[in-house]
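Subject: Structure for your review

Hello,

Here is the structure we discussed, with the sequence alongside.

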Amino acid sequence: MPAPAPAPRTILLTGAAGKVGTLMRELLPAYGYELRLLDARPVPDAPDAITADLADRAALREAVRGVDAVVHLAGISGESSFDRILRANIEGTYNLYDAAREEGVRRIVFASSNHAVGFTPLPDTDGLIPVGVPHRPDTFYGLSKCFGEDLAQLYWDRLGLETVSVRIGSCYPEPTTVRMLSIWLSPADCARLLHAALSAENVGHTVCYGSSANTRLQWDLSTARALGYEPQDDAEPYAEKLIAEQGELDPANPEHTVLGGHFATRPADWPN
Ligand code: NAI
Ligand code: 15L
């Protein structure tokens, strides 16, 4: 059982009907949070959830009113057309930040992605990718996460609105590919990391990678650990089965040489 936060705090969880949102709805209340839910589509079994699009600025302003922090998961979670990404992820994230500014919200935890730096080469055997590598988005989707991180930096530097941008690896109940053996974030560790991001003091704008303590880790988790995150899970127990089915990563395959994997080499909807 996780140690509860000092006092229940009200958190707006956007994207509550999505995959990660559904998992976090179950896990975050154990840390003492009261969740206010928002999504463009109805959230199952949550009659009080706010059904609103990130384009609806009035609804966003009402949704953030009185909350202590926002966990911002809503948006398109893979590659799409630039127009769709622009509306949901770029303008939508701006609308959320500006509603938070107007209502005096102090902190946002932003679901960034490994695809903000997806063209970063994977390191040699024992190296780790630092958080400070330059943005190298692998898709319009990854580009929108670069925008979100930069927007967060702007709102911290100019306005003092704090953000933890978590470059999530793959948050699923279990890893399903060999690539995920290094970047898997178990749902329980995701809740631990979000709790750390919500409760650490003086985060300014902190960027961290988001994964479990995987044996095959290829990025530096120290920024996340500095927030108080102590991952408990490791994808390694799934390795034997996944490698038997899919084989080891092949350094001759371009998809296996960069952090973003197939997003970098064959993104859906990418113009040729
Ligand atoms: P998902 O696609 O399952 O859920 C996203 C939710 O956002 C959906 O319920 C959708 O209805 C909602 N949404 C989309 N556009 C919206 C809009 N304009 N207004 C309001 N709501 C809108 O995605 P998932 O997997 O739950 O990911 C959550 C967040 O975490 C996303 O921002 C994604 O980019 C990020 N992320 C997820 C990873 C993962 O492994 N699941 C990895 C890296 C980042
Ligand atoms: C992401 O950013 C996606 O939202 C998620 O669905 C996964 O595909 C993940 O990256 C990944 O790289 O595995």
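This is a predicted model: local features need pLDDT of at least 70, side-chain atom pairs count only at pLDDT 80 or more; totals for chains, interfaces and linings use all residues.

Ligand 2

The space that ligand 2 takes up is the largest pocket. Around the ligand stand Ser77, Ser113, Asn114, His115, Tyr141, Gly169, Ser170, Tyr172, Arg179 and Phe263. By class, this shell has six polar residues, three nonpolar and one charged.

- Tyr141: a polar side-chain atom is 2.6 Å from an oxygen atom of ligand 2.
- Ser113: an N or O atom of the side chain is 2.8 Å from an oxygen atom of ligand 2.
- Arg179: a polar side-chain atom is 2.9 Å from an oxygen atom of ligand 2.

On its own, ligand 2 exposes 320 Å², and 83% of that is buried by the protein.

Cavities

How many cavities of 30 Å³ or more does the structure hold? There are three. The largest cavity contains about 80 Å³ of space. Its lining consists of Leu122, Arg179, Ser182, Ile183, Gln218, Leu249, Glu255, His256, Val258, Leu259 and Gly261. Five of these lining residues are nonpolar, four polar and two charged.

Regards

How values were computed. Residues are numbered from 1 along each chain as its sequence is written. Chains are lettered from A and ligands numbered from 1 in the order in which they are written. Side-chain values use heavy atoms; hydrogens and water are left out. A residue is near a molecule or strand if one of its heavy atoms lies within 4 Å of it. A polar contact is a pair of N or O atoms within 3.5 Å; within protein, one must be able to donate a hydrogen and the other to accept it, and residues adjacent in sequence count only if both atoms are side-chain atoms. Accessible areas come from the Shrake-Rupley method with a 1.4 Å probe; for residues, only the protein chains shown count as cover. On a 1 Å grid over the protein atoms alone, a cavity is a set of points where a 1.4 Å probe fits but cannot get out, and a pocket is an open set with protein on both sides within 12 Å along at least five of seven lines; lining residues have an atom within 4 Å of a point. A molecule sits in a cavity or pocket if more than half of its atoms lie within 2 Å of its grid points. Ala, Val, Leu, Ile, Met, Phe, Trp, Tyr, Cys and Pro count as nonpolar, Asp, Glu, Lys and Arg as charged, and the others, Gly among them, as polar. Grid points are joined across faces, edges and corners, and a volume is the space filled by probe spheres set on the points.
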